[in-house]
Amino acid sequence: MTTTNKTKWVITSAWPYVNAIPHLGTMIGSVLSADIFARYLRLKGDEVVFVSGSDSHGTPVAVAAKQQNVAVEELATRNHEITKNLFKEWKISYDNYTITHNPTHIRFVQEFYLDVQKNGYILEKEIESLYCEKDNLFLPDRFVEGICPHCGFEDARGDQCDNCQKLLTPLELKKPRCVICDNTPEIRKTKHWYLDFPKLQDRLKKLIEDNKIIPQNARQMCLNSIAEGLPERAITRDLEWGIPAPFKGADDKTIYVWFEAVLGYVSAVKEWADKIINQPEKFDYFWKDDNTKTVYFIGKDNIIFHLIVFPGLLIAYNDDKTEKEKLVLPYNVSSTEFLMYENDKFSKSRGVGIWIDEALELAPLDYWRFNLIYNRPEKSDTSFLWSEFANNIKTLNDVIGNFIHRILTFLNKQFKSTIPNRIRFDDLDKEFVTRLKSIGNLVGELLDNFELRRALREIVNFGRDGNVYLNNKAPWHLIKKDKNVAGHVFNLCAQAVYALAILLAPFIPDTSVKILDYLNIPEKLNQLSWNSINENALKQGHKIKVPMPIFQKLEISELKEELSRIRKNKEKQGVKNLVSYEEFKKLDIRVALVEKVEKVPKADKLYKLSVDLGTEKRTLVAGLAEHYKADELIGKKIVILTNLEPRKLRGILSQGMLLAAVEGDKVSILTPDKDLPSGAKVE
Ligand SMILES: [Zn+2]
Ligand SMILES: [Zn+2]
């Protein structure tokens, strides 16, 4: 399947919800796998645009915002920025990592749906829906949980059952409950707009059958789902947060998130073309060319959405378009099984798992990237095991790290850091050169077939063969008799070191850059090509640099201790209790002048203060009597919180709160250190 011509690719990874920081399972399930594939294609010289983003309109973030009592847009934006930066630190080479709450996407989605409606695929229906009386809210998909009607799973969500993967609607759930207040919702009537999937069914079936590239398990899952009959699916929902539905009479509705988030694959390329590279024509160039290959890296729970829902939308949209206007249908999906953590499910609340921010504090990035791909859950669920992590990094170090270090230090010491001449080839040399010349194609073919795990393992095997060749030739003995014979061996081994730098580049780019630097290669990684792997990559006489060991051993017990230390620190900093800027802005804090101070009868600690706020006078009750004499306070400018609910203390209505610093039994009232008028705002 290796192609010689430049191919155009749109590479995508599934859109993570913005309600939380991703964990290692999300990383391997879509993001990292897609990155490795995109990096490989670029090295091969293909044209690639690699996009994804945060799914900001999902109900999970709306639920989280309600539970945390923050504005949902603010929570979404904040989490998006954190995730985006973490992906950068993980060296995920997105051309555009955006968020679905962006103007390009919102406009694109609205226009897209109006086209689909014009093409006759939208139905309007009055339906019954679950409504929570306590929260005054219709309960779309994830706002409701209950028992799965198919498998009896207790915690099935309103959109899908996590246990049997079946798509659900909230009304199908047995014993439904509101996720915000846990009460049983009631049924109410509401109007909604639906996509007419039955009308698309035959064409979707043909699409799946004709596509010979999608993996067998995904094909079967889709065909089963089509055979059961595709239901009409709601496009709109009664949720405030989201893209406003563009249909007439749907003013208070938003667009169902799964239907718009998948369109982000299209709009993210549009945003990239319009706003990032400023070449708007590149959008059509990628998305409206039949030869473009679009690939979706996803978890197994996402197959139906990417091979039925998304292409269904594209087919409905393309209906009235000319060949040149049509959006290209999916070329392939690469889906993974789930990653577990020590044979348990990742769970933030139970502290089970490792999150991608923590990982970076524990070990170098490449150790994680290597380990995750080395055990990528391709055929069955796999577990992140600490013991395996240590072993995998040991393999990386013993096989690849040591091979490279042996070669480079020997060249350094015995050959003045210069690539020696080659003389004559014996059978061992010939065998090794054959291996060297074919390794690029071998690994490339595995990557072309989305077998990332085997590809990486094949690179490790190549490293093993390098060590075997080196040990068989034993140039450290040869050098005693004839330096040239030893030099010949080191020349070939140095070519293998270069090959490893290129082969590893998609997987562990930092390491690759390090190796290329030791080899003193002037070009940047993105100027080098997959095809540059050969037995003459390094010329005789080329000077290399002084190398350092590339990898270190991992002490797992230390890492585990470090992880619990990180978690404790986070708790101390109260990461969960961050006050948002908007929340802080709600506080009205002002400078006030103390005019009068009186003792409160029968309360030794309390003073009644009369203060002037410039525009009004107020009474405060404050526990200052043991710390200040009355005349120490009179005439002082103090700082008070003015928009606190008034509270009665000892029969006196206190209309604000005085701010003071407190440490043990020391109390010090806050005062501005310059003279400001009463009523001046503190911010
Ligand atoms: Zn189920
Ligand atoms: Zn409720």
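In the predicted model described here, F389 makes contact (heavy atoms within 4.5 Å) with A363, Y367, W368, N371, F384, L554, I556 and L559, leaving aside residues up to four places away in sequence. Because the model is predicted, local features need pLDDT of at least 70 and side-chain atom pairs count only at pLDDT 80 or more, whereas totals for chains, interfaces and linings use all residues. Residues are numbered from 1 along each chain as its sequence is written, chains are lettered from A and ligands numbered from 1 in the order in which they are written, and side-chain values use heavy atoms, with hydrogens and water left out.

F389 also belongs to the largest nonpolar core, where I11, L24, W90, W368, W386 and F389 touch the most other members out of 109 residues. Such a core is a set of buried Ala, Val, Leu, Ile, Met, Phe, Trp, Tyr and Cys residues joined through side-chain atoms within 4.5 Å; buried means under 20% relative accessible area, exposed over 50%, and partly exposed in between, with a 1.4 Å probe and protein chains only. Helix α17 (residues 483-504) provides the largest share of this core, 15 residues. Helices (H or I, at least four residues) and strands (E, at least two) are DSSP runs numbered from the N terminus. Domain 1 (8-97 + 258-357) and domain 3 (385-532) each contribute at least three residues to this core, the domain bounds coming from an automatic or database domain assignment. Another core, of 64 residues, lies apart from it and includes L207, A245, V262 and I298.

Turning to the rings, the structure holds 39 aromatic pairs. Rings of Phe, Tyr and Trp (its six-membered ring) pair if their centres lie within 6.5 Å; planes under 30 degrees apart count as stacked, over 60 as edge-to-face and the rest as tilted. W9 and Y331 form an edge-to-face pair, at 5.9 Å centre to centre and 85° between the planes. W9 lies in strand β1 (residues 8-13) and Y331 in the loop between α10 (303-318) and β14 (332-336), so this pair ties together parts that are 322 residues apart in sequence. W9 counts as buried because its relative accessibility is 4%, and Y331, at 13%, counts as buried too. Y94 and Y97 form a tilted pair, 5.0 Å centre to centre with 40° between the planes. Ring pairs also link W9, F37, Y40, F297, Y331, F450 and W530 into a cluster.

Charged side chains meet rings as well: the charged end of K8 sits over the ring of Y285, 3.6 Å from its centre, and that of K321 over the ring of Y317, 3.9 Å from its centre. Here a charge sits over a ring if NZ of Lys or CZ of Arg is within 6 Å of the ring centre and within 35 degrees of the ring normal.
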